[in-house]
Amino acid sequence: MTTSALSGARWLLLDEYTGEVGEPDVTLGVCHDIDGLFVDPEPLPPPETFTLLGCDPAGPLLGALRHLGTERAWLPSIALTPVHRPEHRPAGCWTYEYGCTCEEELIDVTVISRRPSAAQDGLADLDLRGYVRLLPECEMPEEKPDGTGFRLSTLDNENLGECLDVTGVFRVRPAAPVRPVTLIGFRPEATLPGAVEGHRITASLLAVQRDGRTAGHFGVLSAVVVSARLSRLGDGLLDIALDDGVEEPLPSGAREIFQMWYDGGPAEPNLWARYDRLLRHEWSGRAGCHRPQGLPDKPAGMTYHLDGRFITDIDAFYCAIGEAINGPGGYFGGNLDALHDCLHGGWGAASPFRLVWHHSDVARRHLVPGYDRSSHDLRYWSPNAELDDLLEIFSEHDIEVEFG
Ligand SMILES: [Zn+2]
């Protein structure tokens with residue numbers, strides 16, 4: 001997409017939401033900057049406590065109980081699926097292969113204590129510490145779904161047993177903080193009725209490049225105009241204060257990475273190496289948005305050299321493999337699924353190829369088993385992506401990896 005935007009515009013607001021089905025999306029306008037878009041993440045909330053009442057544990061949960069009192073009394077995930085009474089399926093409940101939409105997931109769960117349950121002989125009450133994986137697209141788990149108990153399972157649907165009831169999971173939680181933004185130097189499209197106070201804006205946020213093309217989608221703004229004033233940037237532009245912002249703001253350090261790509265992208269490899277994990281993740285995201293389109297793959301059978309000196313975390317690997325295949329600022333997947341996709345071709349290199357992994361000792365020390373709490377958003381917490389996971393994907397695609 002291109003825009004005839006004024007020079008210097010960095011962001012384009014595209015309404016893909018409010019028109020009738022079949023109507024084209026509407027460009028609401030472009031702006032120079034968005035105050036409040038780049039902000040440091042909120043500190044993580046403390047873990048919550050839950051109790052599984054009348055629990056008959058099985059599988060890995062039983063295994064965790066054998067390590068009660070140690071850090072091994074731990075599970076990455078416990079899915080709680082209500083056992084509905086057949087005649088009482090709640091409104092809005094949809095079933096799928098392994099459960100229903102009333103399911104909730106506890107993550108990063110430590111079993112704190114166990115005691116005999118008053119509910120029934122032979123059952124136990126288990127106190128847990130962890131988090132609920134709250135998904136913004138789902139309703140908050142405020143009311144316990146109707147049923148006779150809960151089935152417990154891992155995310156892979158391995159059985160963890162069952163329980164009669166649970167406390168601590170279904171309750172009202174504080175709302176996510178509102179982080180209002182101001183559009184600086186906004187130029188509305190002529191057709192837009194409303195840079196007007198009280199008007200609601202619903203729009204995708206797209207980054208505009210120096211050449212006017214857009215690259216990347218940065219979430220959705222859905223907010224009401226609080227004020228619209230002439231901008232100090234002049235030229236009839238407006239500064240528009242909104243009452244809310246995007247759901248996932250960008251870390252403040254990412255501004256520099258955006259600027260680098262706005263200026264044409266990195267010209268040498270490993271510029272990402274100075275950043276922390278969070279910003280390396282933003283880097284590979286930018287690289288993906290800016291990957292050249294429509295170029296043929298380099299032919300199969302090539303040899304690529306992976307500079308492993310800075311692969312101290314999995315996001316560093318994605319930055320490095322992108323540059324090994326596609327040069328400075330290159331992209332070749334930003335997570336395991338995307339790496340899979342890239343190895344199917346169309347992302348710069350036809351498979352199979354040979355990969356020489358230089359200084360592989362660094363990755364061997366860092367891409368090890370464990371649990372990944374690095375994201376500031378605990379929705380993304382999960383077991384580590386390990387070196388072995390990468391090697392397995394390479395082997396599935398007949399990529400010959402030679403360690404240097
Ligand atoms: Zn249900």
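**Close-up views of a predicted model**

**Figure 1. The nonpolar cores of the predicted model.** The largest nonpolar core comprises 64 residues, and W11 and F317 have the most contacts inside it. Helix α4 (residues 314-326) gives the most to this core, contributing nine residues. At least three residues of this core come from each of domain 1 (11-36 + 179-242) and domain 3 (254-403). Another core, of 24 residues, lies apart from it and includes A73, I78, V109 and L126. A nonpolar core is a set of buried Ala, Val, Leu, Ile, Met, Phe, Trp, Tyr and Cys residues joined through side-chain atoms within 4.5 Å. Buried denotes under 20% relative accessible area, exposed over 50%, and partly exposed the range in between (1.4 Å probe, protein chains only). Helices (H or I, at least four residues) and strands (E, at least two) are DSSP runs numbered from the N terminus, and domain bounds come from an automatic or database domain assignment. The model is predicted: local features need pLDDT of at least 70, side-chain atom pairs count only at pLDDT 80 or more, and totals for chains, interfaces and linings use all residues. Residues are numbered from 1 along each chain as its sequence is written, and side-chain values use heavy atoms, with hydrogens and water left out.

**Figure 2. Helix α2 and its packing partners.** In α2 (residues 254-262), the buried residues are A254, I257, F258, M260, W261 and Y262. These buried residues pack against β1 (11-15), β11 (200-208), β12 and α3 (277-289), where contact means heavy atoms within 4.5 Å. Just after α2, G264 adopts a positive phi of about 115°.

**Figure 3. The zinc site.** H84 (NE2), C93 (SG), C100 (SG) and C102 (SG) coordinate the zinc ion at 2.1 to 2.4 Å. Donors are N, O and S atoms within 2.8 Å of the metal (3.2 Å for Na, K and Ca); water is not among the atoms, so sites may look incomplete. The arrangement is tetrahedral because the four donor atoms subtend angles of 101 to 113° around the zinc ion; four donors count as tetrahedral if all angles lie between 85 and 135 degrees. The sequence spacing of the donor residues is H-x8-C-x6-C-x1-C. Both H84 and C93 are buried.

**Figure 4. Strand pairing around β10.** Strand β10 (residues 182-188) runs antiparallel to β2 (residues 26-31), and two bridges join them; G29 has P188 in β10 as its bridge partner. Three bridges link β10 to β3 (residues 33-35), again in the antiparallel sense, with D33 partnered by I184 of β10. β10 also pairs with β13 in the antiparallel sense over three bridges, and T182 has A241 in β13 as its bridge partner. Two strands pair if DSSP finds at least two bridges between them.

**Figure 5. Backbone features in loops.** The peptide bond from S351 to P352 is cis, with omega near -5°, and P352 belongs to the loop between α5 (336-343) and β15 (354-358). N157, although not a glycine, has a positive phi of about 65°; N157 lies in the loop between β8 (150-153) and β9 (159-167) and is partly exposed, with a relative accessible area of 27%. D235, also a residue other than glycine, has a positive phi near 60°. D235 is in the loop between β12 (214-230) and β13 (238-242) and is exposed, with a relative accessible area of 59%.

**Figure 6. The surroundings of Y380.** Y380 lies in the loop between β16 (371-372) and β17 (382-383) and is partly exposed at 44% relative accessibility. Leaving aside neighbours within four places in sequence, Y380 is in contact with R133, E248 and S375.

Conventions
Tetrahedral: all angles 85-135°; square planar, octahedral: opposite > 155°, others 65-115°.
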